[in-house]
Amino acid sequence: MKHLALLTFALYVTFTTAKAPYQQVLQHSQIRGKQHGPNVCALQQLQGSNKKYFTNCKQWYYRKICGKPTVITYECCPGYEKIQGEKGCPAALPLSNIYNTLGVAGATTTKMYSERAQLKPEIEGPGSFTIFAPSNEAWSTLPSEILDALVSNVNIELLNALHYHMVNRRLTTDDLKHGMVVPSMYQDLNVLIHHYPNGIVTVNCARLMKADQHATNGVVHIIDRVITAITSTIQQSIVDNDLLETLSTAVAAAGLEQVLDKEGEYTFFAPTNEAFEKINPETLNRILADPVALKGDVPVRGDGGTEMVVRLSLADLLNYHILKTVQCSESIVAGTPMETLQGTSLEVGCDGSEMTLNGKAIITSKDHLRTNGVIHYINELLIPDSAKTLAELAEGSTVSTALNLFRQAGLSSHMTGREAITLLAPTNDAFKDTTLRVTSEVKKLLRNHIVKKQLSSNHLYHGQVLETLGGKKLRVFVYRNVVCIENTCIAAHDKKGRYGSLFHMDKVLTPPVGTVMDILKGDNRFSTLVGAVQRAGLTEMLNQKGTYTVFAPTNEAFSAMPPGELNKLMGNSRQLADLLKYHIGDELLVSGGVVSYTRLKSLQGDKLELNMRNYTVNVNRVPVAEADMMATNGVVFAVNSIIQPVGFMLSRVLTRNIYGGDGIAGCMLHLTLLCLVINQHADPQQCLPDSAAEGKNPSPWQAEGYGPRRSASSLPDARIQKAVRERP
């Protein structure tokens with residue numbers, strides 16, 4: 001019982017102390033602004049606009065909002081002000097009534113109109129009010145005919161409009177809950193509050209720009225637009241709007257009138273008449289006649305059976321345009337998948353000031369708030385991926401170049417047909433440095449970009465083998481952060497259409513041709529290596545089944561070795577085999593699977609260290625000259641240097657220093673270098689010999705000037721300083 005009580009108390013503390021999203025973002029902005037003094041908040045301002053946002057952690061590092069770059073500005077946090085000569089914003093703003101607070105907060109136009117509408121005595125006097133005050137810019141952008149109607153009748157129209165912006169109680173951002181409905185001070189007509197997880201708060205889809213400006217008789221929130229009363233439902237608005245006449249007919253035919261007329265929290269991306277006119281009638285009829293495409297019911301045979309199928313499919317098509325939640329345009333700062341009534345996701349995003357759907361800026365008019373949701377007008381009908389052909393999935397996307405090549409190669413029937421296939425489509429970036437002419441060889445290559453089954457990347461597994469229309473077998477490699485098919489990796493979420501799936505790939509696919517040994521023999525750059533492999537007795541291994549990653553030294557790499565050393569190496573088959581095995585990883589790793597610090601065990605036993613730098617794979621800091629030459633039993637990377645184990649390289653260094661004239665001190669110096677490289681100590685002090693580090697009896701080390709040191713900068717040898725700076 002005691003434990004239960006403690007658990008209950010812990011849960012109570014957790015939930016009661018949880019901050020609202022707005023407060024969480026504000027707190028993060030305060031942390032980021034702290035270096036500029038107390039009560040300073042960091043804001044992100046969209047370049048070229050006056051729009052500012054408190055910043056969350058992700059936005060802070062991304063430095064973009066709606067895909068556009070931002071600049072960081074620093075301002076006093078709400079409720080504080082600067083004092084001349086002091087850092088930050090140390091002073092709390094003196095509390096005054098709402099009328100005066102409007103001026104302090106910068107809503108001077110609302111303050112002026114309050115006086116003209118004779119609202120001033122009310123908001124100066126006793127009470128507890130919340131006022132959502134339009135910014136000066138909000139008033140200036142109001143259509144002139146509306147503003148004229150308000151100011152020409154200040155005692156009624158303007159006063160009523162201002163009262164609609166007021167609530168007869170104090171509501172801070174902590175009190176403004178998502179989906180909250182609050183009666184205003186104008187005829188108790190409701191205002192709709194939405195408090196989104198990203199910290200954005202809206203009232204009737206107007207964003208709170210400056211919130212929680214406290215007053216003695218309430219609180220002021222500055223908003224980015226003038227709001228108007230809402231009285232009609234989504235369904236009533238559709239029926240009354242001539243631009244939505246076709247949609248109104250479709251809603252009635254689909255039986256969705258009751259859904260759109262009842263209470264709820266919907267977002268309807270409403271296709272205009274123009275949107276219905278744009279779509280090809282054959283495409284629309286194909287979709288509506290296919291219940292599976294839109295996840296409709298199985299056709300019912302008998303009287304009216306065909307009509308029932310069309311009715312269900314049309315309802316699913318329209319449901320794909322409806323979200324289960326209210327999404328005002330100001331709540332969107334990045335692309336986010338959102339669930340529709342149809343059951344699948346729709347990506348709602350933004351590009352600058354434009355709201356986007358599935359990456360397209362097709363919204364012509366936004367934020368028409370109604371009692372049960374919000375309407376955004378669109379000029380293009382939304383078709384779910386589940387109803388599209390491969391050609392329709394690829395059209396206008398980042399694989400348009402590949403789509404054109406498939407068409408030129410005579411493969412259009414596969415793009416529009418009913419085969420269960422998966423298209424491995426290289427992105428447009430994959431063709432930046434390449435111009436492909438559709439020859440017979442290219443046609444064969446493109447057929448190998450089409451896999452025989454409809455796949456989902458979520459179901460691919462390491463070692464899986466896929467068969468292409470060209471007859472090739474392709475291997476699947478699953479790495480920590482990416483899934484690859486041979487040399488090419490999946491670059492974005494795949495799209496699953498009616499019959500086929502579309503994978504966005506980062507490179508043009510190169511299917512495997514022969515064994516590793518076949519690749520080496522077929523490339524003149526590796527003639528010396530082929531001879532070395534044969535001398536070392538590794539030919540059979542590189543011809544047999546396996547999963548090898550071979551870092552193949554070119555002739556240039558062998559030519560760079562001193563002739564005597566090369567001859568000695570070639571004459572010692574055991575040493576040669578050890579060196580070559582160090583160039584062979586025991587598992588298959590393509591370049592797409594290499595991350596910042598990747599280790600690969602070699603057949604020699606030691607590990608190879610790989611990373612990606614400037615889009616080039618480096619192995620033991622040796623840059624790869626050519627990557628991803630795919631073989632049936634592995635992959636080959638060309639390197640223009642011999643890769644040697646760290647121990648082998650350093651033994652040569654030490655030998656040269658001891659017997660080459662540097663003496664004991666030089667040897668000790670390079671032992672320190674070895675310690676720094678292998679152990680990666682942050683403190684070079686730990687790599688000094690004990691006697692030297694502790695300042696004991698003089699030694700050859702100290703005699704040479706290498707006594708106790710505290711930092712890398714104080715080490716006299718530039719080589720050690722460089723090692724400290726550049727170690728991984």
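In this predicted model, the torsion about the S-S bond of Cys 41 and Cys 77 is about 110°, so this disulfide is right-handed. The two sulfur atoms lie 2.0 Å from each other. Cys 41 sits in strand β1 (residues 40–46), while Cys 77 belongs to the loop between β4 (68–76) and β5 (80–81); the link thus spans distant parts of the chain, 36 residues apart. Cys 41 counts as buried because its relative accessibility is 0%, and Cys 77 is buried as well, at 2%.

The model holds 5 disulfides. Another of them pairs Cys 66 with Cys 350, with an S to S distance of 2.1 Å. Here the torsion is about -90°, so the disulfide is left-handed. Cys 66 is found in the loop between β3 (64–65) and β4, and Cys 350 in strand β17 (residues 345–351), 284 residues apart. Both cysteines are buried.

A further disulfide joins Cys 76 to Cys 89, their sulfur atoms 2.0 Å apart. This link is left-handed, with -85° about the S-S bond. Cys 76 lies in strand β4 and Cys 89 in the loop between β5 and β6 (91–92), so the bond ties together parts that are 13 residues apart in sequence. Cys 76 is partly exposed, at 25% relative accessibility, whereas Cys 89 is buried, at 1%.

Turning to the nonpolar cores, the largest has 51 residues, and Phe 132, Phe 269 and Val 348 are among those with the most contacts inside it. Leaving aside residues up to four places away in sequence, Val 348 touches several partners, including Phe 269, Leu 323, Ile 332 and Leu 357. A second, separate core of 32 residues includes Val 533, Met 561, Ala 577 and Ile 642.

Definitions and conventions. Residues numbered from 1 in each chain as written. Predicted model: local features only at pLDDT ≥ 70, side-chain atom pairs only at ≥ 80, totals over all residues. Heavy atoms only, no water. Core = buried A, V, L, I, M, F, W, Y, C linked by side-chain atoms within 4.5 Å. Buried < 20%, exposed > 50% of the residue type's maximum accessible area, 1.4 Å probe, protein only. Contact = heavy atoms within 4.5 Å. Disulfide = S-S within 2.5 Å. Helix = DSSP H or I, 4+ residues; strand = E, 2+ residues; numbered from the N terminus.
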